[in-house]
Amino acid sequence: MQVKAILDHAVAGNRISPEDALKLLTSEDWTSIVSAGHMRRNKLHDPKVVSYTAYRVVNYTNFCDVDCTFCSFKDEIDSDRGYTLTLEQIATKTEETLALGVDQIFFQGGVNPKLPLSYYLDAFTMLRDKYKVAIRALSPIELKRLSGHIAMPLPELLQKFKDAGVGSVPGAGAEILTEHMRGVLSPKKLSGEDWCAVMGECHKAGLPGSCNIVFGSEETPEDIVEHLRLLREQQDKTGGFFSFIPWVFQPQTKRFPIRHVTGREYLRLLAVSRLFLDNIANIEVSVMVMGKELAELGLYAGANDINSIVIEENVLRSSGLKTLNGAQRFIREAGFTPKRRTMNYEFGRYPD
Ligand code: SF4
């Protein structure tokens with residue numbers, strides 16, 4: 001199919017092939033692609049509304065025995081620079097968060113084989129019972145490795161976490177799921193297949209979440225399309241991805257090659273994601289990573305959500321929105337009506 005025919009097909013709600021997506025990603029007809037992303041978004045969501053949420057990231061430990069080449073957050077196990085938060089420290093961070101009107105905790109850290117299961121269960125039950133916050137916790141690599149360390153099958157572990165109050169999982173650590181890019185990024189992390197398998201188990205256990213792409217390194221357009229294909233296929237099987245978020249790599253280490261991603265390239269990928277991922281309802285633009293100017297344009301290229309206000313983020317330096325009022329103002333100034341949601345896309349929890 002030619003580009004125009006692919007776009008018409010996708011805007012009408014039909015599925016496009018990986019070959020079609022590759023054609024769009026490499027086409028020069030940028031304006032038509034971005035415009036089609038926006039048209040499709042407007043067919044799926046109220047054209048006047050943009051949603052947002054707010055949560056606090058609790059990076060509970062930075063000890064990690066995985067060696068992702070792009071990561072400057074981790075410290076070696078047993079190094080004297082690293083940390084693991086105590087229950088009291090987690091409690092203090094949660095109290096600070098509630099005082100800001102935010103009631104969601106995003107609990108994620110390094111892969112620390114020294115932490116017992118009880119550490120996680122104590123933290124989650126405290127967050128649920130004492131603070132009554134929503135909990136999104138643990139990326140696929142943390143879950144898979146913990147399951148191995150304590151010799152507990154993943155479904156059983158997920159059920160324990162769910163019973164302790166976890167309500168969703170972040171789709172973190174996907175970056176780009178092709179074998180080529182796993183080799184560049186993180187040979188010790190999960191393969192694309194394993195990442196999808198863990199997310200599938202989470203979805204089956206009733207723990208939905210999001211998924212993303214992080215790009216701007218040595219990936220090819222074919223890597224990007226294969227990544228999107230894997231996510232779409234997983235979503236067809238288990239249906240637990242609420243949203244998809246495209247991000248770009250941030251400069252963190254000298255061991256990992258990153259390149260400048262132009263606004264043009266970012267917006268085109270956003271639009272292609274909206275058109276290709278026909279089974280993922282929400283496409284988020286990250287104000288935190290992409291900055292306000294580009295994020296605003298993303299709302300006219302297929303995105304219907306600005307990701308979130310992140311109260312604390314140790315892995316990335318935040319250039320995003322810091323307050324609920326700031327998020328609402330940003331959305332209004334971009335020409336939309338803000339609507340606050342939970343991490344799980346529930347809209348009834350917060351008054352307008
Ligand atoms: S990105 Fe996560 S898994 Fe990879 S080294 Fe850093 S903390 Fe460890």
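This is a predicted model: local features need pLDDT of at least 70, side-chain atom pairs count only at pLDDT 80 or more; totals for chains, interfaces and linings use all residues.

Visitor: Which residues surround the ligand?
Guide: They are Cys64, Val66, Asp67, Cys68, Cys71, Phe73, Lys74, Gly110, Val111, Ile141 and Ser186. Asp and Lys count as charged and Cys, Val, Phe and Ile as nonpolar, while Gly is placed with the polar residues.

Visitor: Why are helix H2 and helix H11 called roughly antiparallel?
Guide: The axes of H2, residues 18-25, and H11, residues 263-276, cross at roughly 160°. Angles over 145 degrees count as roughly antiparallel, and H2 and H11 are therefore given that name. The two axes come within 10 Å, and the crossing is right-handed.

Visitor: Which residues of H2 and H11 meet?
Guide: On the H2 side they are Ala21, Leu24 and Leu25, and on the H11 side Arg268, Val272 and Phe276. By class, this contact of H2 with H11 has 5 nonpolar residues, no polar ones and 1 charged.

Visitor: What makes helix H6 roughly perpendicular to helix H9?
Guide: H6 (residues 140-149) and H9 (residues 192-204) pack at about 85°, and their axes are 9 Å apart. The range for roughly perpendicular is 65 to 115 degrees, so H6 is roughly perpendicular to H9. Pro140, Leu143 and Lys144 of H6 make the contact with Asp194, Trp195, Val198 and Met199 of H9. These divide into 5 nonpolar, no polar and 2 charged residues.

Visitor: Where do H7 and H9 meet?
Guide: Leu154, Pro155 and Leu158 in H7 meet Val198, Glu201 and Cys202 in H9. The contact of H7 with H9 has 5 nonpolar residues, no polar ones and 1 charged.

Visitor: What makes S5 and S7 the edge strands of their sheet?
Guide: The open sheet has 3 strands in the order S5-S6-S7, with parallel pairing. Strand S5 (209-215) and strand S7 (282-283) each pair on one side only, which makes them the edges.

Visitor: How do you know that S6 and S7 pair?
Guide: At least two bridges are required for a pair, and strand S6, residues 241-248, has 2 bridges with S7 in the parallel sense. Phe244 stands opposite Ile283 in S7. Helix H10 (residues 221-238) packs on the sheet and touches S5 and S6. The direction of H10 makes about 175° with that of S5.

Conventions:
Residues are numbered from 1 along each chain as its sequence is written. A residue is near a molecule or strand if its C-beta atom, placed from the backbone, lies within 6 Å of it. Axes are lines fitted to C-alpha atoms, for helices over the stretch in contact, and angles run from 0 to 180 degrees between N-to-C directions. Helices (H or I, at least four residues) and strands (E, at least two) are DSSP runs, numbered from the N terminus. Angles under 35 degrees count as roughly parallel, over 145 as roughly antiparallel, 65 to 115 as roughly perpendicular and the rest as oblique. A crossing is left-handed if the near helix is turned anticlockwise from the far one by less than a right angle, and right-handed if clockwise. Two residues are in contact if their C-beta atoms, placed from the backbone, lie within 7 Å.
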